[in-house]
Amino acid sequence: NRAKKGVTVERMIRFAREAREAGLSLHADFLLGLPGETGETIAKTIAWARELDPAPAQFQLLLTYEGMKEPAERTQGEATPLSRDELRSWAKKAYRAFYFRPAYLARCLRHPVKTFRGKGRVLLASLASILWRKW
């Protein structure tokens with residue numbers, strides 16, 4: 001609601017189900033750090049991503065650059081109470097929770113070519129960031 005996207009969670013769940021029934025592969029992109037975002041709301045977003053179970057998922061961060069107006073000033077709402085480092089930590093948790101779950105790993109093993117074709121370098125770079133490198 002704060003992002004004013006005009007879309008509900010229920011509608012997105014229905015869309016994902018209908019896309020799968022039509023044989024489409026779903027890619028989901030989640031934005032973390034919107035005004036008012038907390039650790040609790042990010043945890044709900046991670047749970048929702050797992051429930052939607054898209055083929056790939058991305059977790060983007062809304063970060064401001066030094067010297068720019070804070071999100072609260074740009075959006076006339078309240079800024080997230082989370083620091084940049086906290087948001088980065090949450091994003092790593094999101095990637096781990098999504099990609100290292102048994103259901104996703106089983107899908108990768110069942111369809112390795114479909115999962116990894118053309119994505120090798122990107123997956124290796126992502127894995128390094130998720131596991132140990134500072135993002």
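1. Start with who touches whom across the sequence. Take the contacts (heavy atoms within 4.5 Å) between residues at least 6 apart in sequence: 78% of them join residues at least 24 apart. Keep in mind that this is a predicted model, where local features need pLDDT of at least 70, side-chain atom pairs count only at pLDDT 80 or more, and totals for chains, interfaces and linings use all residues. Residues are numbered from 1 along each chain as its sequence is written, and side-chain values use heavy atoms, with hydrogens and water left out.

2. Now the layout. The protein chain has seven helices and two strands, and their order along the sequence is α-β-α-β-α-α-α-α-α. Helices (H or I, at least four residues) and strands (E, at least two) are DSSP runs, numbered from the N terminus.

3. How much of the chain is buried? Of its 135 residues, 30% are. Buried means under 20% relative accessible area, exposed means over 50%, and partly exposed is in between (1.4 Å probe, protein chains only). The accessible surface comes to about 9300 Å², and carbon and sulfur atoms account for 58% of that. These areas come from the Shrake-Rupley method with a 1.4 Å probe; for residues, only the protein chains shown count as cover.

4. Next, look inside. A nonpolar core is a set of buried Ala, Val, Leu, Ile, Met, Phe, Trp, Tyr and Cys residues joined through side-chain atoms within 4.5 Å. The largest one here has 23 residues, and Phe 30, Ile 42, Ala 57, Phe 59, Phe 98 and Tyr 99 touch the most other members. Strand E1 (28–32), H2, E2, H4 and H5 each supply at least two residues of this core, with the largest share, seven residues, coming from H4.

5. The expected span of a helix is 1.5 Å times one less than its number of residues. For the 13 residues of H1 that gives 18 Å, and its end C-alpha atoms are 18 Å apart, so the two agree. After H1 comes Gly 23, which has a positive phi, near 85°.

6. On to charges. A salt bridge is a side-chain nitrogen of Lys or Arg within 4 Å of a carboxyl oxygen of Asp or Glu, and the structure holds seven of them. One links Glu 18 and Arg 14, with the closest N and O atoms 3.6 Å apart. Both residues lie in H1 (residues 9–21), four residues apart, about one turn of the helix. Glu 18 is partly exposed at 36%, and Arg 14 is also partly exposed, at 38%.

7. Back in the charge network, Arg 11, Arg 14 and Glu 18 are joined by salt bridges that share partners.

8. Which parts of the chain does the salt bridge between Arg 101 and Asp 53 tie together? Its closest N and O atoms are 2.7 Å apart. Arg 101 lies in the loop between H4 and H5, and Asp 53 in the loop between helix H2 (39–52) and strand E2 (57–61), so the pair ties together parts that are 48 residues apart in sequence. Arg 101 is buried, at 7% relative accessible area, whereas Asp 53 is partly exposed, at 24%.

9. Last stop, the surface and helix H7. Phe 100, Leu 105, Leu 127 and Leu 131 make a nonpolar surface patch of about 310 Å². Patches are made of residues with over 30% relative accessible area and no salt bridge: like charges are joined within 9 Å, nonpolar side chains (Val, Leu, Ile, Met, Phe, Trp, Tyr) within 5 Å. Phe 100 lies in the loop between helix H4 (84–99) and helix H5 (102–110), and is partly exposed at 39%.

10. Buried or exposed: which is Ile 130? Ile 130, in helix H7, is buried at 9% relative accessibility. Leu 131, found in H7 (residues 120–131), is partly exposed at 37%. Beyond its neighbours within four places in sequence, Ile 130 is in contact with Lys 92, Tyr 95, Arg 96 and Phe 100. With residues up to four places away left out, Leu 131 touches Arg 96 and Phe 100.
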